[in-house]
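Please look over the structure shown here before reading on.

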Amino acid sequence: MAGEMNIEELKDAMKKNKKITLLDVRRREDFHASPKKIPGARWEDPGKADTWISNYAKDRPAVVYCVKGGGVSQSVAEKMAQIGIETRFLKGGIRDWAENGLPVE
C-alpha cells in the first residue's frame, strides 16, 4: 500500500540527496495550464500509467504528486506499489509545495 509524504519530508529527502524517483502525475490539462514542476521531477500522464509504470526501477523509492495530493497521485502511487515499487504520494501536492515558497522550475 502506498503511503503519504508531507512537503517537509520531501524537502529533507531532496536536501540529503536521497535517491528517489520524483514524478509529477498531474492530469495533462492541469500540467499544461501550469507546467512548473518540483525540481528533478518528471511529468508522466496519469491516464497512461499502466503503460509507463513498469519503466521505473523497483529498487528506488518513488514520490508522486498531483495538484493537491488527491485521487490522481494516490491512484498512481497505489498502482506503483502493487508492482513492488516503494511509493508515496505528496500530501498537499504541488499546490502546497509552491504555496510554502518551495522551489519550482
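The model is predicted: local features need pLDDT of at least 70 and side-chain atom pairs count only at pLDDT 80 or more, while totals for chains, interfaces and linings use all residues. Residues are numbered from 1 along each chain as its sequence is written, and side-chain values use heavy atoms, with hydrogens and water left out. Five strands make an open sheet in the order 1-5-4-2-3, with parallel pairing.

**Sheet**
- Helices (H or I, at least four residues) and strands (E, at least two) are DSSP runs, numbered from the N terminus.
- Two strands pair if DSSP finds at least two bridges between them.
- Strand 1 (3-5) and strand 3 (42-43) are the edge strands, each pairing on one side only.
- Strand 2 (residues 21-24) and strand 3 run parallel and are joined by two bridges; Asp 24 has Trp 43 in strand 3 as its bridge partner.
- Strand 2 also pairs with strand 4 in the parallel sense, over four bridges, and Leu 22 has Val 63 as its partner there.
- From strand 4 (residues 62-65), Ala 62 and Val 64 point one way and Val 63 and Tyr 65 the other way; all are buried (under 20% relative accessible area; exposed is over 50% and partly exposed in between, with a 1.4 Å probe and protein chains only).
- Three bridges pair strand 4 with strand 5 (residues 87-90) in the parallel sense, and Val 64 stands opposite Phe 89 in strand 5.

- Contact means heavy atoms within 4.5 Å; axes are lines fitted to C-alpha atoms, for helices over the stretch in contact, and angles run from 0 to 180 degrees between N-to-C directions.
- Helix 1 (residues 7-15) packs on the sheet and touches strand 1, strand 2 and strand 5; its direction makes about 75° with that of strand 1.
- Helix 4 packs on the sheet as well, touching strand 2, strand 4 and strand 5, and its direction makes about 175° with that of strand 5.

**Pocket**
- Residues lining the largest pocket include Arg 26, Asp 30, Lys 36 and Val 67 (a pocket is an open set of points on a 1 Å grid over the protein atoms alone, where a 1.4 Å probe fits, with protein on both sides within 12 Å along at least five of seven lines; lining residues have an atom within 4 Å of a point).
- Helix 5 (residues 93-99) gives the largest share of this lining, three residues.

**Loop residue**
- Asn 17 lies in the loop between helix 1 and strand 2.
- Phi of Asn 17 is near 55°, a positive value in a residue other than glycine.
- Asn 17 is exposed, with a relative accessible area of 63%.
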